[in-house]
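This report describes selected features of a predicted protein model, moving from its surface to its cores and salt bridges. The sequence and the structure are shown below.

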Amino acid sequence: MTPISALFAADRPDKIIWATHDQDWYPIDYRDDNGEFVGIFEEIFSELFVTRLDLDVEIRRQPWKRSQAEVENGLADILITLPTDERRVYAETVPTPFFNIEFNLLVKKNHPKLSAIEAIKNVEDIYDTDLTLVSTYGNGWYESTVKAVGIKTEYVKTDEQQIRFLLANRADALIDFPLTMKPLLERLDTQHQLMFTETVFSRNSLHIMVSKKSMWINHQDEINAALQDMQHDPKFSASQRIQ
């Protein structure tokens, strides 16, 4: 056992359950040719909980709303997500970020308001430009940060459907993470029709959120200490990872 986990071995659980979504999110979390989920999240998760904390782990992949409900009801221990006011009601946030992301606006290259869209700096500018955005169901960050301002929004189930909404002129733009969306644009052969604006719309950190009904609620310091230790490992402290 690592020195970190040994400090807490006397009274901590020996297993942790991660509730997460069942959709591909390349290169962060996706299925390989054998149908197994791999990616950046799997690498960080395994290093943190298996190698450094010496735990048995269970990963439950299911629709995102169900994953959140399981953590809320204490049926799973953690989510890895953006902390929002809604989620803070039923879960507490481990302070050290698990992963860092930044959001940009994705829009058609021939959009009639392209010049105005490229000048957008914040949510209020989106509202003033009178745009309709598309988002996926269950996106709590979007609901609390964007929709709450009054932005007109269409909802779909998947990222691919979001892209098709833009191509069909059913929405003007979407807000997402270029690292994960650009490979999807290439797979759908739409990279020549759509573009991300250069302005970083928002920078956010994904955190481990621990269910208030979980036995792990009293052991957040252990998780945080291991994450902080990983910040000194070049493999896990690269850009967009633990910082």
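Valine 57 is partly exposed, with a relative accessible area of 32%; buried denotes under 20% relative accessible area, exposed over 50%, and partly exposed in between (1.4 Å probe, protein chains only). Valine 57 belongs to strand S4, strands (E, at least two residues) and helices (H or I, at least four) being DSSP runs numbered from the N terminus. Together with Val50 and Ile59, Val57 forms a nonpolar surface patch with about 180 Å² of accessible area. Such patches comprise residues with over 30% relative accessible area and no salt bridge, in which nonpolar side chains (Val, Leu, Ile, Met, Phe, Trp, Tyr) are joined within 5 Å and like charges within 9 Å. Accessible areas derive from the Shrake-Rupley method with a 1.4 Å probe, and for residues only the protein chains shown count as cover.

The model is predicted: local features require pLDDT of at least 70 and side-chain atom pairs pLDDT 80 or more, whereas totals for chains, interfaces and linings use all residues. Residues are numbered from 1 along each chain as its sequence is written, and side-chain values use heavy atoms, without hydrogens and water.

In soluble globular proteins, nonpolar side chains tend to be buried together. A nonpolar core is here a set of buried Ala, Val, Leu, Ile, Met, Phe, Trp, Tyr and Cys residues joined through side-chain atoms within 4.5 Å. The largest contains 47 residues, of which Leu48, Phe49, Phe98, Phe99, Ile208 and Ile223 touch the most other members. Helix H2 (residues 40-52) contributes the most to this core, with 6 residues. A second, separate core of 14 residues includes Phe165, Leu184, Leu185 and Leu194.

There are 14 salt bridges, each defined by a side-chain nitrogen of Lys or Arg within 4 Å of a carboxyl oxygen of Asp or Glu.

| Arginine 52 | Aspartate 229 | 2.5 Å |

Arginine 203 lies in strand S12 and glutamate 102 in strand S7, so their pair ties together parts 101 residues apart in sequence. Arginine 203 is exposed at 63% relative accessibility, whereas glutamate 102 is partly exposed at 23%. Salt bridges with shared partners join Lys15, Glu58, Arg60 and Glu70 into one network. Arginine 52 counts as buried at 13% relative accessibility, while aspartate 229 is partly exposed at 36%.
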